[in-house]
Amino acid sequence: MSLVPKSQSRPPVAVRVSGVTKTYGAGDGRTIALKGVDFETATGELHLVIGPSGCGKTTLLSVVAGTLAWDSGDIEVLGTRLNGLPDAAMAAFRGRHIGFIFQQFNLIPTLDLTENVSVPLLLAGVGRTAAEDRARAVLERVGLGDRARRRPRDLSGGQQQRVAIARALVHEPRLIICDEPTSALDSRTGHTIMEILAGVARSPERCVIIVTHDPRTYGFADRITEMEDGRVRQVLNAQDIQNFLATHR
Ligand SMILES: Nc1ncnc2c1ncn2[C@@H]1O[C@H](COP(=O)(O)OP(=O)(O)OP(=O)(O)O)[C@@H](O)[C@H]1O
Ligand SMILES: [Mg+2]
């Protein structure tokens, strides 16, 4: 039993980015996308990253996910230091611990929903029958159990994004990274998607980071990092967010 009262114990850090820089290209075509970014998020947290187009949001998500090399600074994800991690170890870490959700769902059109959702498990070496059982259970959780054998083209945008969420969750990753998951959806459907993601983030083991342009998502956030021109402009905690929402109603 822990001797630290719950109210005093801080949730563990899930992601810590310190002084990270990233430059694309060279010479005249050079773009400095990250100019020394510090970013921290805890487990159990739904953390939004906002800021104008081109400010470096997707670049930040990509370095945290280990899909993009950065120039300098330190990145730690779920207690693992990503600096200098060999490619194969990085890929294994990502496959085990990170789930991705994108603006354009990225489902495979020739596979049915169960098969689409099974993919991360098959890649992890789980057998087909066990993977499909697990996929169907997660499809149930996002309200699509009755469509398990349909193809993505038979679904609405919101339903396709729910399939993408199921696929991102099926291997029970601890970090879920979402790049504008609601921007291709109408506002009601976007709200449903945010409710599902907020439910995922409530688990003390997990953490959800969402890049968004949509102010209607702010009410779901535990923390908001605002970026501007490759830097963090400000970090809003839960109280700041409530104050912001109260004055912008
Ligand atoms: N592969 C690339 N090659 C060259 N420059 C790039 C590349 N990817 C991004 N950039 C540049 O880096 C900067 C940051 O891009 P990034 O995609 O991170 O912005 P963003 O905040 O996600 O923007 P948006 O809201 O439009 O998605 C931009 O100036 C962009 O043009
Ligand atoms: Mg982007």
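Q: Where do Arg128 and Glu132 lie, and how many residues apart are they?

A: In this predicted model, both residues belong to helix α4, which spans residues 128–141, and they are four residues apart, about one turn of the helix. Their side chains meet in a salt bridge, with 3.7 Å from N to O.

Q: Are the two partners buried or exposed?

A: Residues under 20% relative accessible area count as buried and those over 50% as exposed. Arg128, with a relative accessible area of 52%, is therefore exposed, whereas Glu132, at 11%, is buried.

Q: Which parts does the pair of Glu132 and Arg149 tie together?

A: The side chains of Glu132 and Arg149 meet in a salt bridge at 2.7 Å, N to O. Because Glu132 lies in helix α4 and Arg149 in the loop between α4 and α5 (157–169), the pair ties together parts that are 17 residues apart in sequence. Arg149 itself counts as partly exposed, at 48% relative accessibility.

Q: How many salt bridges does the whole structure hold, and which residues are joined into one network?

A: A search of the whole structure finds 16 salt bridges. Another of them joins the side chains of Asp214 and Arg216, at 3.2 Å from N to O; here Asp214 is buried, with a relative accessible area of 18%, and Arg216 is exposed, at 57%. Salt bridges that share partners join Asp112, Arg128, Glu132 and Arg149 into one network.

Q: What should I look for around ligand 1, and which residues are the closest?

A: Begin with the shell and then turn to the polar contacts. Ligand 1 is surrounded by 13 residues, of which Ser53, Gly54, Lys57, Thr58 and Thr59 are the closest. The shell divides into four nonpolar, seven polar and two charged residues, and its largest share, three residues, comes from α1. Oxygen atoms of ligand 1 lie 2.5 Å from a polar side-chain atom of Ser53, 2.7 Å from an N or O atom in the side chain of Lys57, and 2.9 Å from a polar side-chain atom of Thr58. Of the 630 Å² of accessible area that ligand 1 has on its own, the protein covers 59%.

Q: In what order do the strands of the sheet run, and is the pairing parallel or antiparallel?

A: Strands of a sheet pair through backbone hydrogen bonds, in either a parallel or an antiparallel manner. Here four strands form an open sheet in the order β2-β1-β4-β5, with antiparallel pairing. The edge strands, β2 (31–42) and β5 (80–81), each pair on one side only. Five bridges join β1 (residues 13–24) to β4 (residues 72–77), and Arg16 stands opposite Glu76 in β4.

How values were computed. Residues numbered from 1 in each chain as written. Chains lettered and ligands numbered in written order. Predicted model: local features only at pLDDT ≥ 70, side-chain atom pairs only at ≥ 80, totals over all residues. Heavy atoms only, no water. Pairing = 2+ DSSP bridges. Helix = DSSP H or I, 4+ residues; strand = E, 2+ residues; numbered from the N terminus. Near = heavy atom within 4 Å. Polar contact = N/O pair within 3.5 Å; in protein donor to acceptor, adjacent residues only side chain to side chain. Areas by Shrake-Rupley, 256 points an atom, 1.4 Å probe, with all protein chains shown as cover. Nonpolar A, V, L, I, M, F, W, Y, C, P; charged D, E, K, R; others polar. Salt bridge = Lys/Arg side-chain N within 4 Å of Asp/Glu carboxyl O. Buried < 20%, exposed > 50% of the residue type's maximum accessible area, 1.4 Å probe, protein only.
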